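Could you walk me through this structure in my viewer, one selection at a time? I am new to it and would like to know what to click on next and what is there.

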Amino acid sequence: MREAGKPIAMLTAYDYPTARACEAHGVDITLVGDSLAQVCLGYDDTTRLTLDEMLHHIRAVARGSRTPLLVADMPFGTYHASTEDAIRNAVRIVREGGAEAVKLEGGLEIVDTVRRLTRIGIPVMAHVGLLPQRHVMLSGYRAQARDAAGALDVLQSALALEDAGAFAVVLEAIPHALGTHITRKLQRAVTIGIGAGAGTDGQVLVWDDMVGTWDGHQAKFVRRFADVRTEVERGVKGYVQAVRERTFPALSESYGMPKAEWERFEQ
Ligand code: KIV
Ligand code: NA
């Protein structure tokens with residue numbers, strides 16, 4: 001797709017129906033993101049998410065996904081203790097979860113891990129720029145690399161991760177000029193932007209941001225392509241009201257019984 005100049009559309013999914021929607025409507029890469037922690041499980045941040053919780057959702061997405069490339073985030077703490085630990089956990093994500101590739105946040109400090117994973121046949125998507133798993137160290141979810149030194153750091157990370165074998169690099173919350181520059185500098189790996197401008201090879205958004213069901217903080221880079229929240233409100237309120245008014249269910253939504261049987265029953 002990169003060679004053909006065709007932008008890559010990546011979207012997160014956390015369960016069977018969202019996986020089916022990605023499949024049916026032309027998404028190229030489905031990501032079981034660890035944003036799962038906040039948007040589906042109600043945690044404050046992604047560091048709370050366990051590998052077992054992640055696997056539960058990857059399996060559901062995998063059951064609904066055939067055509068899109070299926071990538072899953074390695075949760076916080078599952079790839080830093082040692083390379084061996086990272087391999088064991090990545091193997092679980094592929095074997096038990098059914099993911100085709102894993103995504104890891106970080107720069108030069110994870111290059112060796114990325115090299116080992118790709119050498120044993122597990123495709124790796126890297127993730128640089130804003131790293132949500134390190135939001136405390138970063139003093140919050142803010143745009144990264146807005147000075148020359150920071151920009152050079154992100155560029156060098158992306159180049160090193162490509163050299164280590166990463167097939168793609170997510171660029172999160174960096175200046176658009178840097179997103180375009182890194183995309184030009186990478187030879188083989190594709191760039192997938194989220195808040196990295198229009199010059200990347202592809203884009204990714206979180207499902208709940210994109211369809212408008214997330215009511216938490218909305219980042220500058222989020223665009224709501226649908227307003228599902230309003231539809232959900234309409235549906236739930238309408239249902240509750242109909243129950244209260246006894247207009248639901250109607251006779252046509254109820255089961256009948258032959259009159260003769262009913263009379264025998266009443267006796
Ligand atoms: O967890 C996630 O959803 C992500 C994407 C937004 C890139 O990492
Ligand atoms: Na993530």
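Before the first selection, a word on helix packing: axes are lines fitted to C-alpha atoms, for helices over the stretch in contact, and angles run from 0 to 180 degrees between N-to-C directions.

**First stop: H6 and H7**

Keep in mind throughout that this is a predicted model. Now select helix H6 (148-163) together with helix H7 (residues 176-185). Their axes lie 10 Å apart and meet at an angle of about 30°. Angles under 35 degrees count as roughly parallel, so H6 is roughly parallel to H7. The crossing in which H6 passes H7 is right-handed. To see where the two helices touch, show the side chains of Ala151, Val154, Leu155, Ala158 and Leu159 in H6, which meet Leu178, His181, Ile182 and Lys185 in H7.

**Zoom out: the whole chain**

Along the principal axes, the C-alpha atoms fill a box of roughly 85 × 40 × 35 Å. The chain has 267 residues, and 40% of them are buried. Of the contacts with a separation of 6 or more, 58% join residues 24 or more positions apart.

Next, colour by pLDDT. The average for the chain is 97, and 100% of the residues score at least 70. Which elements mark the two ends of the range? Strand E2 (residues 29-32) has the highest mean pLDDT, 99, while helix H10 (residues 259-266) has the lowest, 97. For the complex, the predictor gives an ipTM of 0.99 and a pTM of 0.97.

**Second stop: the nonpolar core**

In soluble globular proteins, nonpolar side chains tend to be buried together. Here, the largest nonpolar core has 68 residues. Select Ala99, Val102, Val124, Ala126, Ala166 and Val169, the residues with the most contacts inside this core. Which helix gives the most to the core? That is helix H3 (residues 51-63), with six residues.

Stay with Ala126 for a moment and show what surrounds it. Not counting residues up to four places away in sequence, Ala126 touches Leu104, Val114, Leu161, Ala166, Val169 and Val170.

On the H3 side, the contact is made by Leu51, Leu55, Ile58, Arg59 and Ala62; on the H4 side, by Asn89, Arg92, Ile93, Glu96 and Gly97.

Helix H4 (residues 83-97) and helix H5 (residues 111-119) have axes 10 Å apart, at an angle of about 45°. H4 and H5 are therefore oblique to each other. Look for Thr83, Ala86, Ile87 and Ala90 on H4, which make the contact with Asp112, Thr113, Arg116 and Leu117 on H5. Here too the crossing is right-handed, as H4 passes H5.

Select Gln203, which lies in strand E8 (residues 202-205). Is this residue buried or exposed? Gln203 has 20 C-beta neighbours inside 10 Å, so it counts as buried. Leaving aside neighbours within four places in sequence, Gln203 is in contact with Pro7, Ala9, Met10, Ile192 and Gly193.

**Last stop: loops with backbone details**

Go to the loop between helix H9 (228-244) and H10, where you will find Pro249. What kind of peptide bond joins Phe248 and Pro249? The bond is cis, with omega about 0°.

In the loop between H9 and H10, also pick out Arg246. Arg246 is not a glycine, but its phi is positive, about 55°. With 7 other C-beta atoms within 10 Å, Arg246 is exposed.

Finish at Ser139, in the loop between strand E5 (124-129) and helix H6. Its phi is near 60°, a positive value in a residue other than glycine. Ser139 is exposed, with 7 other C-beta atoms within 10 Å.

Technical notes. Residues numbered from 1 in each chain as written. Chains lettered and ligands numbered in written order. Predicted model: local features only at pLDDT ≥ 70, side-chain atom pairs only at ≥ 80, totals over all residues. Core = buried A, V, L, I, M, F, W, Y, C linked by C-beta atoms within 7 Å. Buried ≥ 20, exposed ≤ 12 C-beta atoms within 10 Å, placed from the backbone. Helix = DSSP H or I, 4+ residues; strand = E, 2+ residues; numbered from the N terminus. Contact = placed C-beta atoms within 7 Å. pLDDT = per-residue confidence, 0-100. Parallel < 35°, antiparallel > 145°, perpendicular 65-115°, else oblique. Left-handed = near helix turned anticlockwise from the far one by under 90°.
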